[in-house]
Amino acid sequence: MPRNTSLTSSSGSVQLLAFFGGTFDPIHYGHLKPVAGLAKIAGFDQVILLPNNVPPHRPQPEASAQQRLEMVELAVAADPLFSVDPRELTVDTPSYTIETLATLRKEHGDDCPLAFIIGQDSLLTLHKWHRWESLLDFCHLVVMARPGYKEQLDTPELQNWYDAHRVTGAEKLKQKPCGFIYQANTPLLDISATEIRERRHAGLDCSDLLPAAVEHYIESQGLYRQ
Ligand code: ATP
């Protein structure tokens, strides 16, 4: 049954919900800080984090699904901008992003603007995603800059699709429910979950890379040990 999210806030402005998927093994400031900056630029009312279920044929996260979910919940517990949606972790089969977005669109109704956030590295490989050309039927795509990743897209097909849908003003995102790509000038943070796992394996400190609550959780669970 569609939830038909109210389109306007109490101040009368159109509401914009943003979804942010990731493996989050673990979640870190490279996820949180650019997204918080983006929320201000783009006027997101809520950012909903969607931890991924990783398909069995891909390298498995070091932390379990439950541990990744708990880290995400700890990371955003004090910030009302964020909430966490565990739907992809509560089914045994990995979900394709397009399927999750189709379900979210049904739940929120046809008119509510929805955005899906990805980093520049994900944009570069988007043409490998299942039914990638249909993503914009359900949401806008909002791309965060990421240090070390080029802007030029790999295939002419992806580049043409990107050029055809790209808008330069964030205000466009509230003008229709889906269909635009917005490249945001977010703060650049050269942090990856890989670096955090590697630092932990080497017995090095990571406190500058992720929230203290997540670091304490990692410690207490004995995650990413040497
Ligand atoms: P790993 O190093 O394990 O591959 P990761 O740090 O890239 O992990 P993911 O959970 O795979 O983190 O990323 C989820 C989303 O966040 C992706 O769309 C990715 O592009 C984006 N992202 C991750 N780190 C950054 C960053 N430092 N700046 C901008 N976007 C980022």
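Which residues surrounding the ligand are the closest? Here is a friendly walk through this predicted model.

1. The ligand's surroundings. Of the 21 residues that surround the ligand, the closest are His-28, Asp-121, Leu-189, Ala-193 and Thr-194; a residue counts here if one of its heavy atoms lies within 4 Å.

2. Polar contacts (pairs of N or O atoms within 3.5 Å). A nitrogen atom of the ligand is 3.0 Å from a polar backbone atom of Ile-191. The protein covers 86% of the ligand's own 610 Å² of accessible area, calculated by the Shrake-Rupley method with a 1.4 Å probe.

3. The largest nonpolar core. This set of buried residues (under 20% relative accessible area), joined through side-chain atoms within 4.5 Å, has 40 members, and Ile-27, Phe-44, Val-47, Met-71 and Ile-117 touch the most others. Its largest share, 5 residues, comes from H1, a helix in the DSSP sense (H or I, at least four residues).

4. Phe-44. Leaving aside residues up to four places away in sequence, Phe-44 touches Leu-16, Ala-18, Leu-38, Ala-39, Leu-81, Ala-115, Ile-117 and Val-142, with contact meaning heavy atoms within 4.5 Å.

5. Basis. Residues are numbered from 1 along each chain as its sequence is written, and side-chain values use heavy atoms, without hydrogens or water. In this predicted model, local features need pLDDT of at least 70 and side-chain atom pairs 80 or more, while totals for chains, interfaces and linings use all residues.

Terms used
Buried means under 20% relative accessible area, exposed over 50%, partly exposed in between (1.4 Å probe, protein chains only). Helices (H or I, at least four residues) and strands (E, at least two) are DSSP runs, numbered from the N terminus. A polar contact is a pair of N or O atoms within 3.5 Å; within protein, one must be able to donate a hydrogen and the other to accept it, and residues adjacent in sequence count only if both atoms are side-chain atoms.
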